[in-house]
Amino acid sequence: MDLAAGWSLAGVAASAFLSATIVPGNSEIALTAFLYKWPDWLWPALFIATVANSVGSATSLWLGRLAPRKELSPRVVRGFDRFGPAALVAAWVPFVGDALPLAAGWLRLPVLPCLAWICVGKFLRYAAIGLAMRFV
(Lines give C-alpha, C1' and ligand atoms only; values in the text may rest on other atoms or scores of the structure.)
Protein backbone atom coordinates (compact mmCIF):
# COMPACT_ATOMS: atom_id res chain seq x y z
CA MET A 1 0.00 0.00 0.00
CA ASP A 2 1.27 3.41 -0.96
CA LEU A 3 1.69 5.39 2.28
CA ALA A 4 0.72 8.67 0.60
CA ALA A 5 -2.43 7.07 -0.80
CA GLY A 6 -3.33 5.70 2.63
CA TRP A 7 -2.98 9.07 4.32
CA SER A 8 -4.84 10.77 1.50
CA LEU A 9 -7.66 8.26 1.81
CA ALA A 10 -7.81 9.06 5.52
CA GLY A 11 -8.18 12.71 4.50
CA VAL A 12 -11.06 11.76 2.19
CA ALA A 13 -12.68 9.94 5.12
CA ALA A 14 -12.28 12.93 7.44
CA SER A 15 -13.65 15.29 4.81
CA ALA A 16 -16.58 12.97 4.11
CA PHE A 17 -17.43 12.63 7.79
CA LEU A 18 -17.27 16.35 8.50
CA SER A 19 -19.19 17.23 5.33
CA ALA A 20 -22.16 15.21 6.58
CA THR A 21 -22.40 17.22 9.78
CA ILE A 22 -23.14 20.89 10.29
CA VAL A 23 -19.43 21.62 9.72
CA PRO A 24 -19.02 23.00 6.21
CA GLY A 25 -16.97 20.84 3.92
CA ASN A 26 -16.76 19.51 0.44
CA SER A 27 -15.92 15.84 0.31
CA GLU A 28 -16.57 15.73 -3.42
CA ILE A 29 -13.45 17.82 -4.03
CA ALA A 30 -11.39 15.59 -1.72
CA LEU A 31 -12.63 12.44 -3.47
CA THR A 32 -12.07 13.92 -6.93
CA ALA A 33 -8.51 14.96 -6.05
CA PHE A 34 -7.80 11.53 -4.58
CA LEU A 35 -9.14 9.71 -7.65
CA TYR A 36 -7.22 12.03 -9.97
CA LYS A 37 -3.97 10.95 -8.29
CA TRP A 38 -4.90 7.29 -7.60
CA PRO A 39 -7.56 6.24 -10.16
CA ASP A 40 -6.99 2.53 -9.48
CA TRP A 41 -8.31 3.01 -5.94
CA LEU A 42 -11.83 3.78 -7.14
CA TRP A 43 -13.72 1.12 -5.16
CA PRO A 44 -11.84 1.50 -1.86
CA ALA A 45 -12.26 5.28 -2.13
CA LEU A 46 -16.00 4.98 -2.83
CA PHE A 47 -16.38 2.60 0.10
CA ILE A 48 -14.44 4.80 2.53
CA ALA A 49 -16.18 8.02 1.43
CA THR A 50 -19.62 6.39 1.62
CA VAL A 51 -19.05 4.90 5.07
CA ALA A 52 -17.50 8.06 6.53
CA ASN A 53 -20.19 10.33 5.09
CA SER A 54 -22.92 7.95 6.28
CA VAL A 55 -21.43 7.87 9.79
CA GLY A 56 -21.52 11.67 9.78
CA SER A 57 -25.21 11.59 8.88
CA ALA A 58 -25.81 8.87 11.50
CA THR A 59 -24.30 11.25 14.05
CA SER A 60 -26.77 13.91 12.98
CA LEU A 61 -29.60 11.35 13.19
CA TRP A 62 -28.55 10.52 16.74
CA LEU A 63 -28.29 14.20 17.69
CA GLY A 64 -31.78 14.75 16.29
CA ARG A 65 -33.09 12.03 18.59
CA LEU A 66 -31.52 13.86 21.55
CA ALA A 67 -33.03 17.22 20.64
CA PRO A 68 -35.97 18.47 22.67
CA ARG A 69 -39.29 18.35 20.88
CA LYS A 70 -40.18 21.50 18.96
CA GLU A 71 -42.29 22.22 15.93
CA LEU A 72 -40.79 21.39 12.56
CA SER A 73 -41.98 23.16 9.47
CA PRO A 74 -45.14 21.57 8.03
CA ARG A 75 -43.29 21.04 4.73
CA VAL A 76 -40.63 18.88 6.42
CA VAL A 77 -43.22 16.87 8.34
CA ARG A 78 -45.28 16.32 5.16
CA GLY A 79 -42.18 15.12 3.31
CA PHE A 80 -41.35 12.58 5.99
CA ASP A 81 -45.01 11.52 6.27
CA ARG A 82 -45.10 10.92 2.54
CA PHE A 83 -41.72 9.22 2.01
CA GLY A 84 -40.70 8.07 5.50
CA PRO A 85 -37.07 6.99 5.86
CA ALA A 86 -36.73 6.89 2.05
CA ALA A 87 -36.59 10.70 2.13
CA LEU A 88 -33.08 10.29 3.53
CA VAL A 89 -31.82 9.11 0.15
CA ALA A 90 -31.48 12.89 -0.41
CA ALA A 91 -29.22 13.35 2.63
CA TRP A 92 -26.33 13.95 0.23
CA VAL A 93 -27.84 17.18 -1.15
CA PRO A 94 -25.77 20.18 -0.06
CA PHE A 95 -27.25 22.28 2.79
CA VAL A 96 -30.67 20.59 2.84
CA GLY A 97 -29.20 17.13 3.23
CA ASP A 98 -27.48 17.99 6.50
CA ALA A 99 -30.83 18.86 8.08
CA LEU A 100 -32.68 15.73 6.89
CA PRO A 101 -31.03 13.28 9.34
CA LEU A 102 -31.53 15.77 12.18
CA ALA A 103 -35.23 16.02 11.32
CA ALA A 104 -35.56 12.24 10.94
CA GLY A 105 -34.00 11.74 14.35
CA TRP A 106 -36.23 14.38 15.87
CA LEU A 107 -39.28 12.65 14.36
CA ARG A 108 -38.00 9.33 15.81
CA LEU A 109 -38.08 7.54 12.46
CA PRO A 110 -36.77 3.95 12.63
CA VAL A 111 -32.96 3.99 12.70
CA LEU A 112 -32.05 1.02 10.48
CA PRO A 113 -34.20 2.03 7.47
CA CYS A 114 -32.93 5.60 7.86
CA LEU A 115 -29.32 4.43 7.82
CA ALA A 116 -29.95 2.18 4.83
CA TRP A 117 -31.44 5.02 2.77
CA ILE A 118 -28.66 7.39 3.84
CA CYS A 119 -26.04 4.89 2.65
CA VAL A 120 -27.81 4.37 -0.68
CA GLY A 121 -27.94 8.09 -1.42
CA LYS A 122 -24.36 8.71 -0.34
CA PHE A 123 -23.04 5.80 -2.40
CA LEU A 124 -24.93 6.84 -5.53
CA ARG A 125 -23.55 10.37 -5.28
CA TYR A 126 -19.95 9.20 -4.79
CA ALA A 127 -20.30 6.52 -7.49
CA ALA A 128 -21.44 9.17 -9.97
CA ILE A 129 -18.38 11.27 -9.11
CA GLY A 130 -16.05 8.29 -9.25
CA LEU A 131 -17.38 7.02 -12.56
CA ALA A 132 -17.23 10.53 -14.02
CA MET A 133 -13.55 10.62 -13.06
CA ARG A 134 -12.98 7.55 -15.26
CA PHE A 135 -13.80 9.72 -18.27
CA VAL A 136 -11.56 12.65 -17.31
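1. Which residues of helix α5 (residues 96–106) are buried? In this predicted model, the buried residues of α5 are Gly97, Leu100, Pro101, Ala103, Ala104, Gly105 and Trp106. These buried positions pack against three other helices, namely α3 (42–66), α4 (74–83) and α6 (111–134). Beyond the end of α5 comes Arg108, a residue with a positive phi, near 60°, and a colleague who inspects the backbone after this helix may wish to look at Arg108 with that value in mind.

2. Two of the helices that α5 packs against, α3 and α6, also form a pair whose axes come within 8 Å and cross at roughly 145°. The crossing of α3 and α6 is right-handed, and the residues of the contact between these two helices divide into 15 nonpolar, five polar and four charged.

3. The largest pocket holds about 350 Å³ of space, and its lining is made up of 15 residues, with Val76, Phe80, Val96, Leu100 and Ala103 lying nearest the centre. Helices α4 and α5 each supply at least two residues of this lining, and the largest share, six residues, comes from α5. By class, the lining of the largest pocket divides into eleven nonpolar residues, three polar and one charged.

4. The second largest pocket holds about 260 Å³ of space, and of the 19 residues that line this pocket, Ser19, Gly25, Pro94, Phe95 and Asp98 are the closest to its centre. The elements that give two or more residues to the lining of the second largest pocket are α2 (27–37) and α6. Its lining comprises nine nonpolar, six polar and four charged residues.

5. A last point concerns Ser15, which lies in helix α1 (residues 3–19). Is Ser15 buried or exposed? Ser15 counts as buried because its relative accessibility is 18%, and the cut-off for that class is under 20%. When residues up to four places away in sequence are not counted, Ser15 touches Asn26, Ser27 and Ala30. Of these contacts, Ser27 and Ala30 fall within the residue range of α2 (27–37), the helix named above for the lining of the second largest pocket.

Note on methods. Residues numbered from 1 in each chain as written. Predicted model: local features only at pLDDT ≥ 70, side-chain atom pairs only at ≥ 80, totals over all residues. Heavy atoms only, no water. Buried < 20%, exposed > 50% of the residue type's maximum accessible area, 1.4 Å probe, protein only. Helix = DSSP H or I, 4+ residues; strand = E, 2+ residues; numbered from the N terminus. Contact = heavy atoms within 4.5 Å. Axes fitted to C-alpha atoms, helices over the stretch in contact; angles between N-to-C directions. Left-handed = near helix turned anticlockwise from the far one by under 90°. Nonpolar A, V, L, I, M, F, W, Y, C, P; charged D, E, K, R; others polar. 1 Å grid on protein atoms, 1.4 Å probe; cavity = no way out; pocket = protein on both sides within 12 Å on 5 of 7 lines; lining within 4 Å. Points joined across faces, edges and corners; volume = space filled by probe spheres on them.
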